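Visitor: I have a model on my screen and would like to learn how to read it. Please take me through it feature by feature.

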Amino acid sequence: MRGLAKIARKTGLMLLACVFVTAAVIDVQPRIPPGYIPQPESRDEQGLWMEMGEFEDSLKRSPLIMHDTALNAYVSDLACRIAGEYCSDIRVYVIRNPGFNAFMTPNGMMVIWSGLLMRVRNEDELATVIGHEIAHYLRLHSLRLWRKARRDFAAGSVLSLGIGVATGVLLPVGESLALLSALAFSREQEEEADLLGIRLLADAGCDPHASYRVWETLIAEEARAAAKRDEPGIFSKTHPDAETRALTLRNTVTELFGPAADTTQSRQRYAAALAGQYQLLMEDQIDTNRYGRTEFLLELHSAMGIDAGLVEFYRGEMYRQRAAEGDVELARSAYLLAIATGDPHPEAYRNLGYIALKSGDRTTAAGYFRQYLAANPEASDREMIEFYLEDIP
C-alpha cells in the first residue's frame, strides 16, 4: 500500500490510487439493500421495528427536539449525501443537549445531540460522525444491539430508556447504566463502522482526514476541562476511547488517502449553517457551568469564523457566570471586544452598564443602558432599564 501511494504521489495520480487502494482495503460491505424492511419470517425483527416506531413517535413529541427548519435541512441533507442510495431509509433528529452523542436505531432513525454540532469544526467532521453511525446501521450492528436489549429488558423499559438515551435524561440510574452497557458495540463492530464510514465519506466527496480530527478535538477539550470526567459520557460508554480511535484512523486514512484536503469551504459552509442557532446552543453550553470546556469551545468557534461579536459576548457571559476573582474585568474586556465588532449582541451593552453601575460609574452605566435600548427596542427588561436611567442623573 505504501509503495502504491508513493508511486501515485510521484506521478500526480493520488486520487486514482486512492480509489484502487480503498477498494482493496476497505472491503466492508453493507448487509442490507436500500429500502430494507424486515421480512415476514423475521418476526422478532418486525416486532423490534414496531417498538422503534413507537420510540420515534415519542421522540417527535419531546420538547428537546430542535425544530429549526434551516438547521434540520442542512443536517438531513448532509446525512442523505453520506447515505447515498440509502438516503430515503434514514430520518435525522437533532436533540437539544449540550453533550456529545449520536446513534442510530435499527429502523433508520438517527439522533444527533446539539453538543456534537458545537464540537465539530466543519462539514466534513460532522459527516464523519454521521457516516460512522450510518455504517453501524448498514452492517446491522444497531439491530443486534437493540435486539439484545429487547431480550434483556422489558419492552416498556427499552422504550422509556431509549428516550432517555436519545435525550440524555437517564432514569432510573441502575437500568440506564445496564442499557448503555448492552448498547456498547464490540471492537470488531467499531472497526467495521470506521472503515465503512471512511468509504462513505470518500464516496460523498468529503475529506476522510476529518474522521480522526473529530476525536482529536475531544481529546483537546478534555485536556482543557477544569474538572475531568470521573465517568465517560454516553457516547464514550458505547464507543471506543478517543485516543485509540484518533491514532488508528489517522494512520489508516493517511496511508490510504495521502495528504488532507483544504478545509476552508467545508468550514465556511458549516459555520453558516450553525449561525442561526448558535446563540441558543452556546447558552445551553454556558449553563453546564463547565467553564474550561466552554472556553475551549469559544476558541474553537473563533478559529472557525463564527461571528466574533457573538463569540466575545459569550466569553463575557462565561466570565460573568463563573464570577471568580478577576472575572468581572475579564467579562468587561470581552464585552468591549464584542461591541467593537460593529454588530454586537445587544446584551453586551446592558451587561457593561451593570458592571459600570456596580463600580459606581453611573454616567458610563447610563450611556451603555441607552445603547442597549437603542439596539434592542423590544427588550423584555426595558422597564427595568428605564427605571435605572430615571434614577441616574
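Visitor: Which residues does Asp207 touch, not counting residues up to four places away in sequence?

Guide: A contact means heavy atoms within 4.5 Å. Asp207 touches Asp124, Leu201, Arg213, Ala260 and Ala261, with residues up to four places away in sequence left out. Asp207 sits in the loop between helix H10 (187-203) and helix H11 (210-224). Helices (H or I, at least four residues) and strands (E, at least two) are DSSP runs, numbered from the N terminus.

Visitor: Is Asp207 buried or exposed?

Guide: Buried means under 20% relative accessible area, exposed means over 50%, and partly exposed is in between (1.4 Å probe, protein chains only). Asp207 has 7% relative accessibility, so it counts as buried. Across the protein chain, buried residues make up 51% of the 393 residues.

Visitor: What should I know about the model itself?

Guide: It is a predicted model: local features need pLDDT of at least 70, side-chain atom pairs count only at pLDDT 80 or more, and totals for chains, interfaces and linings use all residues. Residues are numbered from 1 along each chain as its sequence is written, and side-chain values use heavy atoms, with hydrogens and water left out.

Visitor: What is the mean pLDDT of the protein chain?

Guide: pLDDT is the predictor's confidence in each residue, from 0 to 100. The protein chain has a mean pLDDT of 85, and 82% of its residues reach 70 or more. Over residues 1-24 the pLDDT is below 50. That stretch has 20 contacts in the model beyond near neighbours in sequence. Where pLDDT is low, the predicted coordinates should not be read in detail.

Visitor: How many helices and strands are there in the protein chain?

Guide: The protein chain has 21 helices and three strands.

Visitor: In what order do the strands of the open sheet lie?

Guide: Two strands pair if DSSP finds at least two bridges between them. Here the open sheet of three strands runs S1-S3-S2, with mixed pairing. Strand S1 (91-95) and strand S2 (102-104) are the edge strands, and each pairs on one side only. From one strand to the next, the twist averages 15°.

Visitor: Which pairs are parallel and which antiparallel?

Guide: S1 and S3 pair in the parallel sense over five bridges. S2 and strand S3 (residues 109-113) pair in the antiparallel sense over three bridges. Look at Met110 in S3. Met110 is the bridge partner of Met104, and Val92 also stands opposite Met110.

Visitor: Which helix packs on the sheet?

Guide: H3 does, touching S1, S2 and S3. Angles run from 0 to 180 degrees between N-to-C directions, and axes are lines fitted to C-alpha atoms, for helices over the stretch in contact. The direction of H3 makes about 40° with that of S1. Four of the five residues of S1 are buried, so S1 is largely enclosed by the rest of the structure.

Visitor: How many aromatic pairs are there?

Guide: Rings of Phe, Tyr and Trp (its six-membered ring) pair if their centres lie within 6.5 Å; planes under 30 degrees apart count as stacked, over 60 as edge-to-face and the rest as tilted. The count comes to eleven aromatic pairs. One of them joins Phe55 and Trp146, a tilted pair with 5.9 Å centre to centre and 50° between the planes. Phe55 lies in helix H3 (residues 43-60) and Trp146 in helix H7 (residues 141-152), so the pair ties together parts that are 91 residues apart in sequence. Phe55 is buried at 1% relative accessibility, and Trp146 is buried at 3%.

Visitor: Which residues form an aromatic cluster?

Guide: Tyr278, Phe313, Tyr314 and Tyr335 form one.

Visitor: Where does the charged end of Arg245 sit?

Guide: A charge sits over a ring if NZ of Lys or CZ of Arg is within 6 Å of the ring centre and within 35 degrees of the ring normal. The charged end of Arg245 sits over the ring of Trp215, 4.7 Å from its centre.

Visitor: What is the phi of Asn289?

Guide: Asn289 has a positive phi of about 60°, although it is not a glycine. Asn289 lies in the loop between helix H15 (278-286) and helix H16 (291-304). At 44% relative accessibility, Asn289 is partly exposed.
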